[in-house]
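Let's walk through this one together, from the overall fold down to a few side chains. Keep the viewer open as you read.

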Amino acid sequence: MEFPEFALMVAYVFLVLLALAWPLLVVGAVALPLWGLLVLVNARRRRSTPAPARRQRRAGWLLIAGPVLTGLASYGYGLSRMPSGLPTDPDDRCRIAMGGDMPYDPERAGGSSSMWPLHDTTCGPELVPGFVNPLVAGSAVVSVVLVAIMAWMTIRPSSAPPRPGPSRR
């Protein structure tokens, strides 16, 4: 198997799993930031414990997981609404969208579909909900901003005063 074929197969499997597992990603998008907030509150409460900065970094990365998983979950939700997004019978979704008993005929439909921005008009009306693409783009922007903030916080010199050590007199 050549590399491009293998990469396409891996991408296809990823997209199918994403379309099927988007509800789990929603749970993670809610749970991981909550966990990060708890770690952050705990780190602020216990300033005397060793390595509070490490806990704050851990909390920051957990908070970043929220918008990343939100973007993936909304993209997976959009994929699950497209007849071409999953290997299902496109007849069913197109019949529902067109409101008739006519079988799906892609040559007659005259619509188009795209993976980015997600849209599918092969059945007539748009099948991808209108909130999906803005939510994916907004989640990507928030994720990039949060990663930049975390990188800046990791690189910048600490403004905390040095801990008093044993005096050498």
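Start with Y12, which sits in helix α1, residues 3-45; helices here are DSSP runs of H or I with at least four residues, strands are E runs of at least two, and both are numbered from the N terminus. Before going further, a word on provenance: this is a predicted model, so local features need pLDDT of at least 70 and side-chain atom pairs count only at pLDDT 80 or more, while totals for chains, interfaces and linings use all residues. Residues are numbered from 1 along each chain as its sequence is written, and side-chain values use heavy atoms, with hydrogens and water left out.

Back to Y12: its relative accessible area is 46%, so it is partly exposed, a class that lies between buried (under 20%) and exposed (over 50%), using a 1.4 Å probe and protein chains only. Y12 belongs to a nonpolar surface patch together with F6, M9, V10, V13, L17 and L20, and the patch has about 670 Å² of accessible area. Areas come from the Shrake-Rupley method with a 1.4 Å probe, and for residues only the protein chains shown count as cover. To join a patch, a residue needs over 30% relative accessible area and no salt bridge; nonpolar side chains (Val, Leu, Ile, Met, Phe, Trp, Tyr) are linked within 5 Å, like charges within 9 Å. A salt bridge, for its part, is a side-chain nitrogen of Lys or Arg within 4 Å of a carboxyl oxygen of Asp or Glu.

Now zoom out. The chain has 5 helices and 2 strands, running α-α-α-α-β-β-α along the sequence. Of its 169 residues, 28% count as buried. The chain exposes about 11400 Å², with carbon and sulfur atoms supplying 68% of that. If you take contacts (heavy atoms within 4.5 Å) between residues at least 6 apart in sequence, 62% join residues at least 24 apart.

What about the aromatics? A search of the whole structure turns up 3 aromatic pairs. Rings of Phe, Tyr and Trp (its six-membered ring) pair if their centres lie within 6.5 Å; planes under 30 degrees apart are stacked, over 60 edge-to-face, and the rest tilted. W22 and Y77 make an edge-to-face pair, 4.8 Å centre to centre with 80° between the planes. W22 lies in helix α1 and Y77 in helix α2 (residues 52-81), so this pair ties together parts 55 residues apart in sequence. Y75 and W116 form a tilted pair, at 6.5 Å and 40°. Here Y75 is in helix α2 and W116 in the loop between β1 (113-115) and β2 (118-120), so parts 41 residues apart in sequence are tied together. Y75 is buried at 14% relative accessible area, whereas W116 is partly exposed at 49%. W22 and Y77 also share one aromatic cluster with F131.

Helix α2 holds R81 too, and the C-alpha atoms of R81 and L127 are separated by 6.2 Å although the two are 46 residues apart along the chain.

Finish at helix α5 (residues 132-155): at 1.5 Å a residue its 24 residues should span 34 Å, and its end C-alpha atoms are 35 Å apart, which agrees. That expected span is 1.5 Å times one less than the number of residues. The buried residues of α5 are V132, N133, V136, S139, S143 and M150. M150 has 6% relative accessibility and, leaving aside neighbours within four places in sequence, is in contact with R57, G60, W61 and I64.
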